[in-house]
Amino acid sequence: MKADTETLIDRAVAGAALSDAQALALEGAPLDRLLAGAATLRDAGHGDVVSFSRKVFVPLTHLCRDVCRYCTFAHVPRPGEPAYLSIEQVLDIARAGARAGCQEALFTLGDKPELRYRAAREALASMGYATTIDYLVAAARAVLDETGLLPHLNPGVMTRDELARVREVSVSAGIMLESASARLCERGGPHFGSPDKDPRVRLECIDHAGALAIPFTTGILIGIGETRRERIESLLEIRRLHARHGHVQEVIVQNFRAKHDTPMANAPEPDLDDLRWTIAVARLILGAEMSIQAPPNLSPGGLGALVDAGIDDWGGVSPVTPDHVNPEAPWPHLDRLRLETEAAGKALAPRLPIYPRFALEPERWLDAGLRTAVLRARDASGFAREDRWTAGALSPLPALRPSRGGDRAARGLDAVLARATAGESLDETAVVALLEARGPALDAVLDAADRVRAEVCGDRVSYVVNRNINYTNVCYFKCRFCAFSKGKLSENLRGRPYDLALDEVARRVAEAWSRGATEVCLQGGIHPEYTGETYLDILRVVREAAPGMHVHAFSPLEIWQGARTLGVSLETYLGLLRDAGLGTLPGTAAEILDDEVRAVICPDKVNTAQWLEVMETAHRVGLRSTATIMFGHVESPRHVARHLLRLRALQARTGGFTEVVPLAFVAEEAPIFLRGGARHGPTLREALLIHAVARLALHPHFQNVQASWVKLGPEGAAMALAGGANDIGGTLMNESITRAAGAAHGQELPPHAIEALVGDLGRVARQRTTLYGEVPLERQRASFQAAPLEPVVETPARRYERRRSEPLVRPGLAPTS
């Protein structure tokens with residue numbers, strides 16, 4: 001028998017679904033083998049992360065038509081006590097939660113009290129509602145609209161129509177199956193006299209939820225008189241419904257706690273090993289991907305043992321409200337929960353009431369009216385945003401607390417980090433694992449990146465004294481993230497349309513030279529009247545204004561459009577630009593080098609292959625370039641990994657990239673964000689990780705990783721410099737594109753400010769040229785003695801009627817007029 005069950009455990013760990021008979025055979029399996037198998041299977045599906053939801057508990061009513069023998073939550077109507085919380089009381093709870101950083105409003109209430117109590121019917125009628133579900137929907141809508149918390153609703157058994165209404169106001173819902181055993185509803189059983197505890201009724205509700213694509217929570221309650229075989233049968237019923245619909249987002253294994261003043265006050269409670277046995281069996285039956293939860297407040301002192309049994313979630317934990325169902329068991333403090341989780345070798349990660357794998361498929365799992373709220377509340381992996389930091393904003397940086405729970409959680413990345421630091425190529429899965437690091441693993445990734453930086457670049461932090469010149473903000477492309485460009489449909493965005501006169505371009509170049517600049521960076525919108533000759537004219541003007549100035553200009557989109565309008569090949573056109581004075585290309589217009597993302601954010605722009613083709617051609621004709629990545633909008637870690645690996649592959653062939661520049665998406669004024677189609681930029685963890693992972697994934701082919709002070713702010717850039725970056729970019733003098741998107745950082749970070757920032761890190765600042773060469777002392781002295789900038793002149797653009805008859809070049813789409 002032991003050999004048979006061990007074979008079954010091995011099958012489950014290997015990813016095979018056990019048959020019902022095989023699952024039932026686990027009843028006799030040794031506990032140690034169950035635990036080991038369950039932990040291995042959990043790690044295959046969830047890695048080193050154990051999640052939780054920061055919530056408030058909203059007990060909308062304690063009235064219930066059921067009479068479960070173990071429950072203290074429900075009670076009969078009490079004189080002078082309202083039957084329901086008022087909407088204002090609900091909002092007071094939710095507002096307190098929002099102030100405390102909660103994301104979830106958990107509504108828990110008794111089943112259909114109006115069917116049992118006149119007091120409930122009269123209270124509902126006085127408020128203008130016919131049923132408890134009617135009132136619940138209104139209360140959830142108020143919380144969503146007034147506080148931004150995401151509702152999760154647990155009102156008990158619901159009809160299909162009621163579930164459909166609940167779906168419109170909640171991102172998830174749930175009902176505990178508790179047990180599939182009808183025996184428990186017989187006289188003397190814990191569910192006798194409770195019509196809503198009939199397993200058939202509860203299973204039908206779960207089935208309806210699946211048919212309506214509601215992310216759903218369910219689970220079993222152990223220790224109320226069921227047998228272990230009945231627990232397995234209950235888990236098999238949950239598995240059957242999930243196999244049909246794919247909607248069960250978590251299964252709770254909750255241990256019974258005896259409560260005073262209940263008929264089961266003297267009933268024995270399941271011990272820790274019994275709970276661990278059930279968790280392990282649940283994991284083996286339900287598989288690697290299922291989220292399995294055990295409430296941490298019901299097993300104080302045993303949290304590490306629960307992790308070892310195969311859980312990956314602690315459920316909702318509230319810093320504001322008690323557990324009204326188990327009031328005798330206070331929530332653990334979040335700091336304590338984090339430390340105990342890390343001591344068990346896992347990283348604690350906040351989630352939303354909708355689990356990550358469901359949040360990442362909003363079209364399937366969310367009502368259209370809820371998708372923007374979830375998108376703005378989540379990070380790139382679908383977990384909850386860990387902080388309120390916003391790229392480009394002046395708000396204080398959140399503290400990234402160092403992990404203190406040991407390094408067990410980081411060990412899963414040891415092999416990946418060893419390969420990366422040795423300069424070996426990583427595959428997509430490995431890069432994604434680095435990008436998703438949390439807790440001790442996050443510390444390990446940042447530390448490894450900083451070690452590689454020190455080996456490659458030493459302790460010098462480089463920067464370039466330069467000036468940005470954006471010669472027009474008129475653009476006929478439809479990039480959904482851009483708040484800078486002006487076209488017929490975007491005049492309402494920041495700033496007026498302009499198209500700089502060439503003498504103003506020349507004036508700015510000459511002024512930059514007088515202030516110590518060694519580089520001008522020239523880019524702009526794709527004006528419908530511009531041709532390839534326009535860019536050649538700009539180069540001639542720059543060369544005349546400051547012959548010694550390095551010209552870093554023209555994105556791959558501008559190169560592609562310029563070549564097409566002149567009817568020449570990319571190689572020919574790049575040669576013309578080079579001969580006219582172009583020194584290097586900025587690696588902008590890359591955004592995310594994956595066409596799945598580009599179809600959403602910039603469908604008519606150069607596609608991935610076209611961007612790479614421009615860069616490879618530029619490198620072939622002797623023009624080097626930078627490479628950028630814009631992150632924090634609609635991409636996932638997998639898209640970022642593909643981007644980095646494509647850059648690595650091209651760099652391995654050409655060696656033409658000087659640096660990689662991660663650019664955090666500034667959401668505030670971006671059209672795609674304002675229309676509800678993008679996240680609120682990256683979290684600080686994500687921003688720091690992308691610099692670190694770029695260092696590791698691109699090593700040894702890229703020597704330089706730049707931190708953008710415009711996106712991250714000077715303090716954020718300093719944090720990135722401590723996690724793999726070695727360059728802080730340019731002084732800029734003028735910055736228009738990021739500020740148009742809502743960034744509040746200044747337009748110039750002068751040399752003395754950069755060198756002070758670098759000095760505070762214990763590092764040495766070094767002025768560099770665009771190609772990372774040494775800067776003449778004359779240029780350095782001029783940069784430290786720069787006069788204030790003269791006011792810029794932005795030549796008003798003509799209106800948008802076209803004078804040229806040729807079709808507009810839209811490389812991502814078919815040509816159009």
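Helices (H or I, at least four residues) and strands (E, at least two) are DSSP runs, numbered from the N terminus. The structure in these views is a predicted model, in which local features need pLDDT of at least 70, side-chain atom pairs count only at pLDDT 80 or more, and totals for chains, interfaces and linings use all residues. Residues are numbered from 1 along each chain as its sequence is written, and side-chain values use heavy atoms, with hydrogens and water left out.

**View A. Helix α21 and the glycine that follows.** Look for Pro 556, Leu 557, Glu 558, Ile 559, Trp 560, Gln 561, Gly 562 and Ala 563, the buried residues of α21. Their cover includes β12 (519-523), α20 (532-545), α22 (570-580), β14 (584-585) and α24 (608-620); here and below, contact means heavy atoms within 4.5 Å.

View B. How far apart are the end C-alpha atoms of α6? They are 22 Å apart, which agrees with the 22 Å that its 16 residues (132-147) should span at 1.5 Å a residue. The expected span is 1.5 Å times one less than the number of residues in the helix. Most of α6 is covered, with 12 of its 16 residues buried. Among them are Thr 132, Ile 133, Asp 134, Tyr 135 and Leu 136. The elements covering the buried residues of α6 include β1 (49-61), α4 (87-99), β2 (104-109), α5 (118-127), β3 (150-154) and α7 (160-167). Gly 148 follows α6 and has a positive phi, near 85 degrees.

**View C. Helices α17 and α27 packed together.** Here α17 (residues 428-435) and α27 (residues 684-698) meet at an angle of about 145 degrees, with their axes 9 Å apart. Axes are lines fitted to C-alpha atoms, for helices over the stretch in contact, and angles run from 0 to 180 degrees between N-to-C directions. The crossing of α17 past α27 is right-handed (a crossing is left-handed if the near helix is turned anticlockwise from the far one by less than a right angle, and right-handed if clockwise). On the α17 side, Val 431, Leu 434 and Leu 435 make the contact; on the α27 side, the partners are Arg 685, Leu 689, Ile 690, Val 693, Leu 696 and Ala 697. A handy reminder for looking along a helix: an α-helix has 3.6 residues a turn, so residues three or four places apart point the same way.

**View D. A cis proline, and a proline inside a helix.** The peptide bond from His 699 to Pro 700 is cis, with omega near 5 degrees. Pro 700 sits in the loop between α27 and α28 (709-721). Pro 714, in turn, has its place in helix α28, and counts as partly exposed at 28% relative accessibility. Its C-alpha atom is 9.2 Å from that of Ala 753, although Pro 714 and Ala 753 are 39 residues apart along the chain.

**View E. Two threonines in loops.** Is Thr 731 buried or exposed? Thr 731 is buried, with a relative accessible area of 0%. This threonine belongs to the loop between β17 (727-730) and α29 (737-740). Leaving aside neighbours within four places in sequence, the contacts of Thr 731 include Tyr 463, Trp 709, Gln 747 and Ile 754. Thr 390 lies in the loop between α15 (371-377) and α16 (414-421), and is buried at 13% relative accessibility. Not counting residues up to four places away in sequence, Thr 390 touches Ser 395, Glu 668 and His 680.

**View F. Two loop residues with positive phi.** Ala 213 has a phi near 55 degrees, a positive value in a residue other than glycine. Ala 213 is in the loop between α8 (199-211) and β5 (216-222) and counts as buried at 15% relative accessibility. Asp 261 has a positive phi too, near 65 degrees. Asp 261 is located in the loop between β6 (248-255) and α10 (272-286), and counts as exposed at 80% relative accessibility.

Note on methods: Buried means under 20% relative accessible area, exposed over 50%, partly exposed in between (1.4 Å probe, protein chains only).
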